[in-house]
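Dear colleague,

Please find below the structure that I am handing over to you. My findings follow after it.

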Amino acid sequence: MASVSDCNSMITPAFELSQDPDFLTLVVRVPYTRTSEFDVYVDGEDFKFYAKPYFLRLTLPGRIVQDGREKASFDIDKGLFTMRVPKETAGQHFEGLQMLTSLLAPKGSRSAKPLVEDLGACGGSEAVQEDEDEEEDFDWQLEQKAYVESSEDDLKKLQKYGFGNLRTGVFSRLQEELSDVTDVKDPENSTPTLRRRNRLDAETTIFCADHYLCDLYEGEETRNVLLSFRPWWSELKPDSDQPEATVTFTDDEKEQMRKFTNRSYPLDKAARYQVWLGLVDIILAFVYDVRTTEGEHNVESAWTIRKLSGTLSWLETYHSVQEVLVSFGRRVLCYPLYRHFSLITTAVKDAAHIFQCGKACILKCLLAVHKIFRENEPAYILNDLYITDYCIWIQRVKSKHVVALADPLRKAKLHKDHLDLELAILEEAAELVIKEEEEQKEEETSSSSTEGEEKDSSSSSSEGEEEDSSSSSSEGEEEDGSVPQLSDTQENGGEPKGVGFQPEPSPGALKTGAPTTTSPRPQESKRLIQELSERMEEGLRIEEDVPQTSRSSSSRDTEREAEGLGETDEPAATGETAKTGTSSALLETRPRKCPLRVIGAEELDSDDEDETNH
């Protein structure tokens, strides 16, 4: 039974009552409903019938019973439910069976609307309402209105739709039920031109540029899996001897074909052309669902097929194959999960191959769609409007007409600019953004590498400076250590052996390269000169306990000059210092460093001249 929430969407069906002495016959017209969902309730004067979205409740003028003699049948083609129920009292005549309005009134009343409305039900406590809901899930006292059959003049004013535009007036009775199936708000009064304009506007509005670009530049692995999938029709290959491929039907498909009623369809040339194009539209939507689900239909398959097909969702009628392809391409880029242009072109190739395999392959696809819609709550109505008629009609057409559609599908040229969604502009903008991001990354990479090189060079230069400073300091120490040289008399000089003092070479000697050692760098020379000058300022006193005769003339001059400097710069040493100087006399293997003054040749000559004058 239906829940209370369905009360407002129930439709009172058209019905008729007749009788004989022993039985009451009820005929209820319930088109576009499921044959497996009938609920009948018989209790004396009450008769209730429910088949979504129809509900009928009658208060009879006599009593009927269920004793095993009742019978029921349903004519699918006419949509008529017939039930024959025995009377409780055989031979009783029920009066007023033609008074339909009074039969529809609730028990105890003979008007469709009660004279007194019970307001307590609305103002009662929540506990009482919950108890009532638990006891009864459906409001059997729902107000009903008798069905009024539309006249032929009224039906002519309504728009046509469905297979071959043979249906009309269906949505006037099932609008609430079909609102979840079709996107047309008022199908009965919407012309084909208005439907198309509204469809194009809806597609343009719902198109998502971000979703399209995301599928364009990402998800390549998933997309390749879908494109490489081989559906069942890819194994069918028609040959020259047999124009149609051999197709095997399952037992369920054979059973469904036996349930179809064989009928003919009086279609004019324009209607036949539109039927063929509508078939192409439905097949395209079906093959897209098969490929994107990898042959395993899911709960979204019914939605995907009817949403991608403009025929099913907008009751569209096409006039060329190119119109069908453009409509399908636009809807693929607007609604489903995978929105890539390659899926559109692949679906077109799949459809061309299916039509090339003949009408048996087309019928198998239609039976699959019929099953998907049959198992879906709102979409099953599309079977009555389109798919069932297509399954019956395709079996009566000639195979050459089916195969002839494969050629225009193969030759069709569908480009992105045909879809009028500004895809080229979007892709150009996306490419510019990607290029800018790449350039920015390259700049960041180059800057980071430059900083790394600078850090490396600075570290290496600092290490080099440290090495240079350490080497120069070591060299300076060696040079400083070699300044006060203690040596024996040279073999070729003929002088007696003794302790001799050799001063530091003059700057002139450093420039001429007289020393055999490697000349220091300018910075090191300046540093050495500065150190020597500082030591000169501090003063130098060298005492040696060595005979004067053992010295050479140059040594004596140097010693005399040093003594003169000592007398000028320093005061006389204390007794302890004199004793220490006399005992030790600087006879160490590596004497300590002593500050020296570099005396040029001119100064020595001037000193010699002074002595001579004295």
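The model is predicted, so local features need pLDDT of at least 70 and side-chain atom pairs count only at pLDDT 80 or more, while totals for chains, interfaces and linings use all residues. Residues are numbered from 1 along each chain as its sequence is written, and side-chain values use heavy atoms, with hydrogens and water left out.

The chain has 24 helices and six strands (DSSP runs numbered from the N terminus: H or I of at least four residues for helices, E of at least two for strands). Of its 614 residues, 38% are buried (under 20% relative accessible area with a 1.4 Å probe, protein chains only). Among contacts (heavy atoms within 4.5 Å) between residues at least 6 apart in sequence, 73% join residues at least 24 apart.

Helix α16 covers residues 380-394. Its 15 residues should span 21 Å at 1.5 Å a residue, and the 20 Å between its end C-alpha atoms agrees with this; the expected span is 1.5 Å times one less than the number of residues. The helix bends by about 45° at Y386, the bend being the angle between axes fitted to the seven residues ending there and the seven starting there. Of the 15 residues in α16, 14 are buried.

Helix α10 (residues 269-292) packs against α16 at about 110°, with the axes 12 Å apart; axes are lines fitted to C-alpha atoms over the stretch in contact, and angles run from 0 to 180 degrees between N-to-C directions. The two helices are therefore roughly perpendicular (65 to 115 degrees). On the α10 side the contact is made by Q274, V275, W276, G278, L279 and I282, and on the α16 side by I387, Y390, W393 and I394.

Y390 lies in α16 and is buried, with a relative accessible area of 3%. Beyond its neighbours within four places in sequence, Y390 is in contact with F163, Q274, V275, G278, L279, I282 and L366. The C-alpha atoms of Y390 and L363 are 8.4 Å apart, although the two residues are 27 apart in sequence.

α10 also packs with helix α11 (residues 301-308), at an angle of about 145° and with the axes 8 Å apart. This second contact involves D281, A285, F286, Y288 and D289 of α10, together with S301, T304, I305 and L308 of α11.

Yours sincerely

How values were computed
Buried < 20%, exposed > 50% of the residue type's maximum accessible area, 1.4 Å probe, protein only. Parallel < 35°, antiparallel > 145°, perpendicular 65-115°, else oblique.
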